[in-house]
Amino acid sequence: MQLFGLKNCDTCRKAMKALPNAQLIDVRAEGVPKDILVDALEQFGAALVNTRSTTWRGLSEEERSAEPLELLAAHPALMKRPLIVDGSQMYLGWTDDVKAALGAA
C-alpha cells in the first residue's frame, strides 16, 4: 500500500499511524508517478485538486486554468491528501468512508 502525501501533513500522519504497513511517498520530494496521477484523475476528477490549499491561493488565474494533470505535475502539493493506492484500489482523503474501507475506523 502506498500513501501519497506530505510528511508534514497532519492528515497524512494520522493515516500513516492507522496504516502502519503503508509506504509514505512525499509528493514534494518524490512526486507522483504519471500513471498513478492519470488513474487518480480518471477516478476522482476535479476533486483531486485541493482548491482550498495555500498553494492554490498563491496561483495566478492563468495558472489555475491549466489542465489538472499539468497543475499537479508542476505543483504536487496541490493534490488533495492523502492519495492511497492499495493494489488496484485508490482512495482520496482520510474520511470515515476511507477509514472504514481500509479497516482503520
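Predicted model: local features only at pLDDT ≥ 70, side-chain atom pairs only at ≥ 80, totals over all residues.

Student: How many salt bridges does a search of the whole structure find?
Tutor: Side chains of opposite charge can pair when their charged atoms come close. A salt bridge here needs a side-chain nitrogen of Lys or Arg within 4 Å of a carboxyl oxygen of Asp or Glu. Searching the whole structure with that rule gives a total of three.

Student: Is Asp 10 buried or exposed?
Tutor: Exposed means over 50% relative accessible area. Asp 10 has 52% relative accessibility, so Asp 10 counts as exposed. For Asp 10, then, the word is exposed.

Student: How far apart are the closest N and O atoms of Glu 61 and Arg 64?
Tutor: Both residues sit in helix H5 (residues 61–64), and because they are three residues apart, about one helical turn separates them. Glu 61 is exposed at 60% relative accessibility, while Arg 64 is partly exposed at 24%. They form a salt bridge, and the separation of the closest N and O atoms is 3.5 Å.

Student: Which helix holds both Lys 99 and Asp 96?
Tutor: These two form a salt bridge, with their closest N and O atoms 3.9 Å apart. Lys 99 is partly exposed at 23% relative accessibility, whereas Asp 96 is exposed at 61%. They are three residues apart, about one turn, in helix H7.

Student: What is the relative accessible area of Ser 53?
Tutor: Ser 53 is placed in the loop between helix H3 (34–44) and helix H4 (54–57). Buried means under 20% relative accessible area. Ser 53 is therefore buried, with a value of 10%.

Student: Which residue's backbone nitrogen does the side chain of Ser 53 reach at 3.1 Å?
Tutor: A polar contact is a pair of N or O atoms within 3.5 Å, where one must be able to donate a hydrogen and the other to accept it. On the oxygen side, the Ser 53 side chain reaches the backbone of Asn 50 at 3.2 Å. The backbone nitrogen at 3.1 Å belongs to Trp 56.

Terms used:
Residues numbered from 1 in each chain as written. Heavy atoms only, no water. Buried < 20%, exposed > 50% of the residue type's maximum accessible area, 1.4 Å probe, protein only. Helix = DSSP H or I, 4+ residues; strand = E, 2+ residues; numbered from the N terminus.
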